[in-house]
Amino acid sequence: MQTIVFVNLCMKAITTLLNFKFPAIFWTILIFVLCTIPSEHIPQGEKMNDKANHFIAFAGFTFFWLFHTSQAWKVILIGILYGIAIEFWQGILPEDFHRSFDWYDTVADGIGGIIGYFIWLIFSKLIPKK
């Protein structure tokens with residue numbers, strides 16, 4: 001019984017935080033920063049696949065922004081356009097940044113955005129209603 005109360009309190013706290021725009025704005029800026037810094041300065045860890053990184057980043061983008069609008073298609077479209085803009089940005093960065101334009105990254109961004117919508121749908125069914 002105490003576990004259920006704890007889980008409900010955690011979900012309420014998470015939902016309260018997500019209803020502020022700060023996480024969505026922070027995530028959007030984080031995507032830009034990570035896509036701008038020179039690639040050799042990005043922590044490699046287990047050397048995650050670049051497309052998986054784009055997928056996760058834009059799933060998060062959609063997930064966070066859907067707490068602030070009911071028009072999912074707009075969030076997904078804006079995410080795709082943001083991903084394309086970042087690719088053009090990477091294409092004009094200096095060569096020593098080791099960044100380049102890649103259409104496959106934008107495909108990963110779009111798929112991530114769509115999956116982020118479904119993750120948000122599931123999450124929104126689990127959170128306590130106001």
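The following legends describe an overall view and several close-up views of a predicted model.

Residues are numbered from 1 along each chain as its sequence is written. In this predicted model, local features need pLDDT of at least 70 and side-chain atom pairs count only at pLDDT 80 or more, whereas totals for chains, interfaces and linings use all residues; side-chain values use heavy atoms, leaving out hydrogens and water.

**Figure 1. The protein chain contains five helices and zero strands.** Helices (H or I, at least four residues) and strands (E, at least two) are DSSP runs, numbered from the N terminus. The order of the elements from that end is α-α-α-α-α. Along the principal axes, the C-alpha atoms fill a box of roughly 55 × 30 × 20 Å. Of the 130 residues, 35% count as buried; buried means under 20% relative accessible area, exposed over 50%, and partly exposed in between (1.4 Å probe, protein chains only).

**Figure 2. The largest nonpolar core has 19 residues.** A nonpolar core is a set of buried Ala, Val, Leu, Ile, Met, Phe, Trp, Tyr and Cys residues joined through side-chain atoms within 4.5 Å. Ile31, Phe58, Phe63 and Phe123 touch the most other members. At least two residues of this core come from each of helix H1 (2-18), H2, helix H3 (50-65), helix H4 (72-92) and helix H5 (103-126). H3 supplies the largest share, five residues. In soluble globular proteins, nonpolar side chains tend to be buried together.

**Figure 3. Phe58 touches Ile31, Gly79, Tyr82, Gly83, Ile86, Asp109, Gly112 and Gly113.** This list does not count residues up to four places away in sequence. A contact means heavy atoms within 4.5 Å. Across the protein chain, among contacts between residues at least 6 apart in sequence, 76% join residues at least 24 apart.

**Figure 4. Thr28 lies in helix H2 (residues 22-36).** Thr28 counts as buried because its relative accessible area is 17%. Its side chain reaches the backbone oxygen of Ala24 at 2.8 Å. Leaving aside residues up to four places away in sequence, Thr28 touches Phe61, Trp65 and Tyr82.

**Figure 5. His98 is placed in the loop between H4 and H5.** The phi of His98 is near 55 degrees, a positive value in a residue other than glycine. Most residues other than glycine have a negative phi. His98 counts as exposed because its relative accessibility is 54%.

Methods: Polar contact = N/O pair within 3.5 Å; in protein donor to acceptor, adjacent residues only side chain to side chain.
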